[in-house]
Amino acid sequence: MSATSFDSRSSEWMGDLTVWLRQNASDNGEQLDRLRTKLRYARSAELTQRQQLLLRLYFEEGKTMPQIARELHVSCSTVSRTLRRARERLYRCLRYSF
């Protein structure tokens with residue numbers, strides 16, 4: 001058996017497996033919708049204004065920690081620490097919500 005025939009067979013098999021996985025995957029859209037709703041609530045109810053701002057700048061606007069630090073005139077470690085605490089608060093709030 002040549003290497004070429006093996007490669008084409010393995011590619012065909014991987015393609016078949018991918019199609020099968022897509023057809024048999026469970027739909028988790030409802031769970032994602034619930035999580036998004038709970039996340040919006042948790043952000044407004046559990047986080048400080050500063051934490052909400054930093055999460056928005058970092059995750060939604062895609063700014064780096066040094067960019068945020070310069071913009072807000074704080075150190076990078078302050079940005080990092082605030083983001084970590086915000087994620088921890090959200091985790092504690094959301095981990096048992098399903």
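**Figure 1. The whole chain, from contacts to confidence.** Of the contacts in the protein chain between residues at least 6 apart in sequence, 55% join residues at least 24 apart; contact here means heavy atoms within 4.5 Å. Keep in mind that this is a predicted model, where local features need pLDDT of at least 70 and side-chain atom pairs count only at pLDDT 80 or more, while totals for chains, interfaces and linings use all residues. Residues are numbered from 1 along each chain as its sequence is written, and side-chain values use heavy atoms, with hydrogens and water left out. The secondary structure comes to five helices and zero strands, so the pattern read along the sequence is simply α-α-α-α-α, with helices (H or I, at least four residues) and strands (E, at least two) taken as DSSP runs numbered from the N terminus. The average pLDDT (the predictor's confidence in each residue, from 0 to 100) is 83, and 83% of the residues score at least 70.

**Figure 2. The surface of the chain and what it covers.** The protein chain has an accessible surface of about 7,700 Å², and 53% of that belongs to carbon and sulfur atoms. These areas come from the Shrake-Rupley method with a 1.4 Å probe; for residues, only the protein chains shown count as cover. Of the 98 residues, 15% are buried. Buried means under 20% relative accessible area, exposed over 50%, and partly exposed in between (1.4 Å probe, protein chains only).

**Figure 3. The largest nonpolar core.** Zoom in here for 12 residues: Ala42, Leu47, Leu54, Leu55, Leu57, Ile68, Ala69, Val79, Leu83, Ala86, Leu90 and Leu94. To count as a nonpolar core, a set must consist of buried Ala, Val, Leu, Ile, Met, Phe, Trp, Tyr and Cys residues joined through side-chain atoms within 4.5 Å. H3, helix H4 (65-72) and H5 each put in at least two residues of this core, and H5 gives the largest share, five residues. In soluble globular proteins, nonpolar side chains tend to be buried together. Pick out Ala42 and, setting aside its neighbours within four places in sequence, you will find it in contact with Leu47, Leu90, Cys93 and Leu94.

**Figure 4. Glu60 reaches across to Arg43.** The structure holds seven salt bridges, each one a side-chain nitrogen of Lys or Arg within 4 Å of a carboxyl oxygen of Asp or Glu. Between Glu60 and Arg43, the closest N and O atoms are 2.8 Å apart. This pair ties together distant parts of the chain: Glu60 sits in helix H3 (residues 49-60) and Arg43 in helix H2 (residues 29-46), 17 residues apart. Arg43 is partly exposed, at a relative accessible area of 22%. Side chains of opposite charge can pair when their charged atoms come close.

Figure 5. Arg84 and Glu88 make a salt bridge, with their closest N and O atoms 3.4 Å apart. The two are four residues apart in helix H5 (residues 76-94), so about one helical turn separates them. Both ends are partly exposed, Arg84 at 37% relative accessibility and Glu88 at 34%. Elsewhere, salt bridges that share partners join Arg56, Glu61, Lys63 and Glu71 into one network. Within that network, the side chains of Glu61 and Lys63 meet at 3.7 Å, N to O. Glu61 is partly exposed at 41% relative accessibility, and so is Lys63, at 22%.

Figure 6. Tyr58 and Phe59 form it edge-to-face, at 4.9 Å centre to centre and with 90 degrees between the planes. Rings of Phe, Tyr and Trp (its six-membered ring) pair if their centres lie within 6.5 Å; planes under 30 degrees apart count as stacked, over 60 as edge-to-face and the rest as tilted. Tyr58 itself is partly exposed, with a relative accessible area of 26%.

Figure 7. Arg85 has its place in helix H5 and is partly exposed, at 44% relative accessible area. Its C-alpha atom is separated by 8.1 Å from that of Gln51, 34 residues away along the chain. Thr78 also lies in helix H5 and is partly exposed, at 24%. From C-alpha to C-alpha, Thr78 and Met65 are 9.4 Å apart in space, and 13 residues apart in sequence.
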